[in-house]
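Colleague: I want to learn how to read a model like this one. Can we take it feature by feature?

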Amino acid sequence: MRKTKGIQAACILMVAMLILSACAGGSAPASSSESGKTGGKTQISFWTPFSGGDGEFMTAMVDKFNQENPDIQVEQLSNRSEDYYTKLQTSLASDQAPDLAVLHSSRMPQFVPAGYVTPLDDLAAGSKVNWDEFNPTILESTIYDGKHYSIPLDTHAIVMYYNKTYLEKAGVLKDGKPVYDPSPEGFTAFLTKIKDAVPADVAPLAQPSVRIDAYWMFWGFYNQLTGGGKFYDDNGKAELNNPQAKQALEYVNSLYTSKLIPPNVNDAVKLFQDQRAAVLITGVWSTGSFENIKGLDFAVVPMPQIYDQPATWGDSHTLALPKHSQEDPAKQQAALTFANWLAEHGDMWAKAGHIPSVTKVLDSKEFKDMPYRSDYAQSADFVKYWPRNEKQGQVNDNVVKEFEKMLAGQQDPATTLQKADASTNKITGK
């Protein structure tokens, strides 16, 4: 009797193990070493960090590609942006990475030197990729040691939104465009006129005093200065504490201390949506939401140029092929074909507000017929990315903390830059 029960228990255990094994196999991401053919189609997995409006636009693009390309089936997995890169690195370590993944230009220094992504030059010819079609500034952010490592989809830069009603009331609007002298003093005078003309509860310029927004604005102004934009010296040691950076940071700080940016702003985007802000400097990704706000009479232009040359902070969504222990050439070609299709159909992605990477898309009727986008598309020519450092994300987090102390009145710009350099050198080991 005991022997019979033992045999039954063993059988139950074996069945349970088989079920668990089957479930595990069905839920794990498919690696490129597995067969990519399903019903005659090459099936590829595609990971993105998109949600909300961005996610909806990307899903529409995936669906359209699948309809137009019967030989390829793209399966998209949308991840939470907060833990997207952690999941992607885990999948690479376990050889379970997707066939195609969105990779920000700012994240490439973590992935390219580590050998986590596949160089594309040898594969590009078979997928009809023409590198000459891409905006050279955007494309440069994806090139390492002369090799292309991803297909750029866009750039998302910071730009200046403005409430036309408030600017007209202040007398600083002409032909629908803001009017100011292109200098620090001129932009301050522009905001001061707005402050004097609008109700007391309306922000002349809405910017948070916490998080990364002030750092973005500083980076844009800093790169506008001749000799600006340095972050590290030739030996990799922090060099942010310099005269140009100090000049730009003192100006940013002055906008807060003069209360042209009101204190304690938490959600600047909502403030602008609620028509309680005249000007807002933030990313192009807000365009899609602003144009759906009833009664919001707004427009948008590139980042204000107040120094020697145009410049703005920005990043790019790019499309990369993660490495696998055994690559499937058919899936690689299918993934690259899809990535190139996404870039070529940048007008669909521009609905989210992003600036397409393929230059001919900007001249297309589909793009030009969309409001607002053409007004800031030139930002792609002077977007300035973060430096290429594998620890730049951690560095930026610490610099933001120093900026927050400054904006809280706890330290001046000079001290802020000194502490930023010290924390950077500690993180990078210099």
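Colleague: Start with charged pairs. Which residue meets Lys246 in a salt bridge?

Modeller: Keep in mind that this is a predicted model. The general idea: look for a Lys or Arg side-chain nitrogen within 4 Å of a carboxyl oxygen of Asp or Glu. Here the partner of Lys246 is Glu250, with N and O 2.6 Å apart.

Colleague: Where do Lys246 and Glu250 lie?

Modeller: Both belong to helix α10, residues 243-257. They are 4 residues apart, about one turn of the helix.

Colleague: Are Lys246 and Glu250 buried or partly exposed?

Modeller: Buried needs a relative accessible area under 20%, and exposed needs over 50%. Lys246 has 32%, so Lys246 counts as partly exposed. Glu250 has 37%, so Glu250 is partly exposed too.

Colleague: How many salt bridges does a search of the whole structure find?

Modeller: The search returns 11. One of them joins Lys270 and Asp274, whose closest N and O atoms are 2.7 Å apart. Lys270 is partly exposed at 43%, and Asp274 is partly exposed at 39%. There is also a network: salt bridges with shared partners link Glu133, Glu344 and Lys360.

Colleague: What is the N to O distance between Asp83 and Arg80?

Modeller: It is 3.7 Å, and their side chains form a salt bridge. Now read the accessibility of each partner. Asp83 is partly exposed, with 27%. Arg80 is at 56%, so Arg80 counts as exposed.

Colleague: Next, pockets. How do I find empty space?

Modeller: A probe the size of a water molecule is rolled over the atoms, and this shows where empty space is left. In this model, the largest pocket has a volume of about 1100 Å³.

Colleague: Which residues are closest to the centre of the largest pocket?

Modeller: Ser81, His104, His156, Trp216 and Asp315 are the closest, out of 38 lining residues.

Colleague: Which elements give two or more residues to that lining?

Modeller: The helices are α2 (52-68), α3 (84-93), α4 (108-111), α12 (287-290) and α18 (392-407), and the strand is β14 (312-315). α18 gives the most, with 6 residues.

Colleague: How do the lining residues of the largest pocket divide by type?

Modeller: There are 13 nonpolar, 17 polar and 8 charged residues.

Colleague: What is the volume of the second largest pocket?

Modeller: It holds about 280 Å³ of space. Its lining has 14 residues, and Glu140, Ser141, Tyr385, Trp386 and Arg388 are the closest to its centre. At least two lining residues come from each of α6 (136-140) and β17 (383-384). By type, the lining has 6 nonpolar, 4 polar and 4 charged residues.

Colleague: Now packing. Is Leu205 buried or exposed?

Modeller: Check accessibility, then position, then contacts. Leu205 has 0% relative accessibility, so Leu205 counts as buried. Leu205 sits in strand β11, residues 203-206.

Colleague: Which residues does Leu205 touch, leaving out those up to four places away in sequence?

Modeller: They are Leu191, Leu255, Leu260, Ile261, Pro262, Val279, Leu280 and Ile281. A pair separated in sequence is also worth a look. Leu205 and Lys259 are 54 residues apart in sequence, yet 9.0 Å apart in space, C-alpha to C-alpha.

Colleague: On to backbone angles. Which phi does Arg211 have, positive or negative?

Modeller: Arg211 is not a glycine, and its phi is positive, about 70°. Arg211 lies in the loop between β11 and α9 (213-224). With 41% relative accessibility, Arg211 is partly exposed.

Colleague: Where does Asn264 lie?

Modeller: In the loop between α10 and α11 (268-273). Asn264 has a positive phi of about 60°, and Asn264 is not a glycine either. Its relative accessible area is 70%, so Asn264 is exposed.

Colleague: Last, confidence. What is the mean pLDDT of the chain?

Modeller: The mean is 92, and 91% of the residues reach 70 or more.

Technical notes: Residues are numbered from 1 along each chain as its sequence is written. This is a predicted model: local features need pLDDT of at least 70, side-chain atom pairs count only at pLDDT 80 or more; totals for chains, interfaces and linings use all residues. Side-chain values use heavy atoms; hydrogens and water are left out. On a 1 Å grid over the protein atoms alone, a cavity is a set of points where a 1.4 Å probe fits but cannot get out, and a pocket is an open set with protein on both sides within 12 Å along at least five of seven lines; lining residues have an atom within 4 Å of a point. Grid points are joined across faces, edges and corners, and a volume is the space filled by probe spheres set on the points. Ala, Val, Leu, Ile, Met, Phe, Trp, Tyr, Cys and Pro count as nonpolar, Asp, Glu, Lys and Arg as charged, and the others, Gly among them, as polar. Buried means under 20% relative accessible area, exposed over 50%, partly exposed in between (1.4 Å probe, protein chains only). Contact means heavy atoms within 4.5 Å. pLDDT is the predictor's confidence in each residue, from 0 to 100.
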